[in-house]
Amino acid sequence: MATSVKKQPTLDTDRLRLRPFRTSDLKTLHALYGDPENLRYWGVSPSPDLDTTRKMMRWHLGYHPAHYVIWAVEERSSKRVVGMINYHRREKREKRVDVGWLILPEHQSKGYMTEAGRALLRHLIDDLKVHKVEALIRAVNKPSAALAKRLGFRLEGGPIRDRWLVSGAWHSVMIYGLIAGEER
Ligand SMILES: CC(C)(COP(=O)(O)OP(=O)(O)OC[C@H]1O[C@@H](n2cnc3c(N)ncnc32)[C@H](O)[C@@H]1OP(=O)(O)O)[C@@H](O)C(=O)NCCC(=O)NCCS
């Protein structure tokens, strides 16, 4: 696959399908982005209402594959969307990209994001020839740090002070990194 791929691929795993979001996924997208408890360590404020999520969806779907791609994480057995995974801030010259992940509370602790994360890493490294994948994670976000480590990321630094501004409050983050070949 060319590293300048224009179309977002669908990525299949044993239990999941990573596919583009559709406008019909709006309610699930809102369940994901409108839950203040689940998003307590997130880098952006939760969406207050469906209209805001609708606008957010337009932004997500207007992605430029060179820099940002979001996948709906669909459970293959039920065909229901249970989460999202993305890459962003892709730096083509430096072959580097950031990743983010989010799953509905009722689907946590099933290993779904580990499975989705592995598929995304394979795509980034094998298809897009990315050399370095990074994840910014707040020190308090133990499940996300555990996921990063399970996938092969290493803690590289931090706290990077006042990196995120969320609902008027500054948050510091840790930086996790994975170099091609270190994925598990
Ligand atoms: C971060 C987040 C995606 C992690 O989700 P998760 O469900 O813990 O991660 P996984 O899907 O990989 O599941 C791992 C868990 O499933 C268990 N598991 C069960 N079957 C498994 C399998 N086949 N493979 C791997 N793990 C499995 C693991 O033991 C682990 O259990 P634990 O939660 O008791 O430690 C989730 O907490 C989340 O959405 N948080 C809110 C959003 C957020 O903060 N995102 C990150 C911002 S930096």
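Tryptophan 42 is buried, with a relative accessible area of 19%; buried means under 20% relative accessible area, exposed over 50% and partly exposed in between, with a 1.4 Å probe and protein chains only. The model is predicted, so local features need pLDDT of at least 70 and side-chain atom pairs pLDDT 80 or more, while totals for chains, interfaces and linings use all residues. Residues are numbered from 1 along each chain as its sequence is written, and side-chain values use heavy atoms, leaving out hydrogens and water.

A search of the whole structure finds four aromatic pairs. Rings of Phe, Tyr and Trp (its six-membered ring) pair if their centres lie within 6.5 Å; planes under 30 degrees apart count as stacked, over 60 as edge-to-face and the rest as tilted. Two of these pairs are tabulated below.

| Pair | Ring centres | Planes | Class |
|---|---|---|---|
| Tyrosine 33 and tryptophan 42 | 6.1 Å apart | 75° | edge-to-face |
| Tryptophan 71 and tyrosine 87 | 5.9 Å apart | 50° | tilted |

Strands (E, at least two residues) and helices (H or I, at least four) are DSSP runs, numbered from the N terminus. Tryptophan 71 and tyrosine 87 are both buried. Tyrosine 33 is also buried, at a relative accessible area of 5%.

Eight strands form an open sheet of mixed pairing, in the order S1-S2-S3-S4-S5-S6-S8-S7; two strands pair if DSSP finds at least two bridges between them. Strands S1 (11–12) and S7 (154–166) stand at the edges with a single partner strand each, so one side of each is left without a neighbour in the sheet.
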